[in-house]
Amino acid sequence: MDELCKKVIDRISSDRSICLMLNEILNCANVYLFGGAVRNYLDDDFENVRDLDFVVDFKKSSHSIDRFFIKSTKFKKNIFGGYKILSNDICIDMWEMKDTWAFRENKICRSVYNLTKSVFLNIDGIVYSMNDRNYINDCNQKYFEIRKKNILDTVLEENPCVELNLLRALVLCKKYNMEFSDDLKKIFNIYSCSENFMDYLMYLQLKHYGKQVLSSQCMKELMIKKLNII
């Protein structure tokens with residue numbers, strides 16, 4: 001078994017019901033690990049993974065992710081049709097590929113190879129196949145190239161959660177000491193004109209992370225240093 005796949009299984013092994021559900025889904029669908037957990041693995045920091053994001057592409061159109069959650073009481077369904085599962089110290093988000101916002105809204109063609117293009121930030125475009133044990137579009141190598149260039153950039157600017165992604169950009173900028181691209185700076189400049197922008201970012205932070213990751217002072221300092229926003 002590939003090392004990343006093994007680490008994912010080990011990470012959820014304490015919850016037998018989730019392990020069984022994932023195995024059932026893997027038998028009838030292609031399952032892709034998406035985003036932050038893959039990034040943590042490539043950073044050699046998988047032990048600090050607290051979230052696993054899975055995209056599911058069923059082999060038969062008659063299959064639906066809903067049937068796997070009928071008997072579960074551990075999940076919450078979100079407005080995009082996906083599920084959030086809370087188990088011990090891990091949070092799992094799972095949704096069907098067709099419900100990926102960029103595909104559903106016809107922003108880009110639906111394809112596993114376009115999953116890496118469906119993200120707002122370039123550093124999030126990392127997809128790993130749990131079935132085939134490989135990276136889609138050689139995205140692992142592209143990730144290392146992004147880190148080497150040290151530029152946080154946009155991929156698909158149309159997004160239902162732009163402010164949340166701007167918050168995440170600040171968090172990732174702080175974590176990796178990255179610079180912002182001109183395109184990302186322009187978006188920050190547009191949204192930061194809002195009178196309550198900082199307050200809203202602080203609210204989003206608590207809602208998304210469940211805690212304060214960046215203080216308001218730290219946010220302001222980052223925006224001054226990286227964006228020249230005062």
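Tyr200 is partly exposed in this predicted model, with a relative accessible area of 37%. Tyr203 is likewise partly exposed, and its relative accessible area comes to 46%. Both tyrosines sit in helix H8, which covers residues 197-209. Because Tyr200 and Tyr203 are 3 residues apart in that helix, about one helical turn separates them.

Now look at how the two rings meet. The protein has 6 aromatic pairs. In the pair formed by Tyr200 and Tyr203, the ring centres are 5.9 Å apart and the planes are at 20°, so the pair is stacked. The reasoning rests on the angle, since planes under 30 degrees apart count as stacked.

From here, let's step back to the whole fold. The protein contains 9 helices and 9 strands, and H8 is one of the helices. Along the principal axes, its C-alpha atoms fill a box of roughly 50 × 35 × 35 Å. How does the radius of gyration fit with a compact globule? For 230 residues, such a globule would have a value near 17 Å, and the protein has 18 Å, which agrees.

Of the 230 residues, 49% are buried. If you follow the contacts between residues at least 6 apart in sequence, you will find that 66% of them join residues at least 24 apart.

Terms used:
Residues are numbered from 1 along each chain as its sequence is written. This is a predicted model: local features need pLDDT of at least 70, side-chain atom pairs count only at pLDDT 80 or more; totals for chains, interfaces and linings use all residues. Side-chain values use heavy atoms; hydrogens and water are left out. Helices (H or I, at least four residues) and strands (E, at least two) are DSSP runs, numbered from the N terminus. The radius of gyration is taken over C-alpha atoms; the globule rule is 2.2 Å times the number of residues to the power 0.38. Buried means under 20% relative accessible area, exposed over 50%, partly exposed in between (1.4 Å probe, protein chains only). Contact means heavy atoms within 4.5 Å. Rings of Phe, Tyr and Trp (its six-membered ring) pair if their centres lie within 6.5 Å; planes under 30 degrees apart count as stacked, over 60 as edge-to-face and the rest as tilted.
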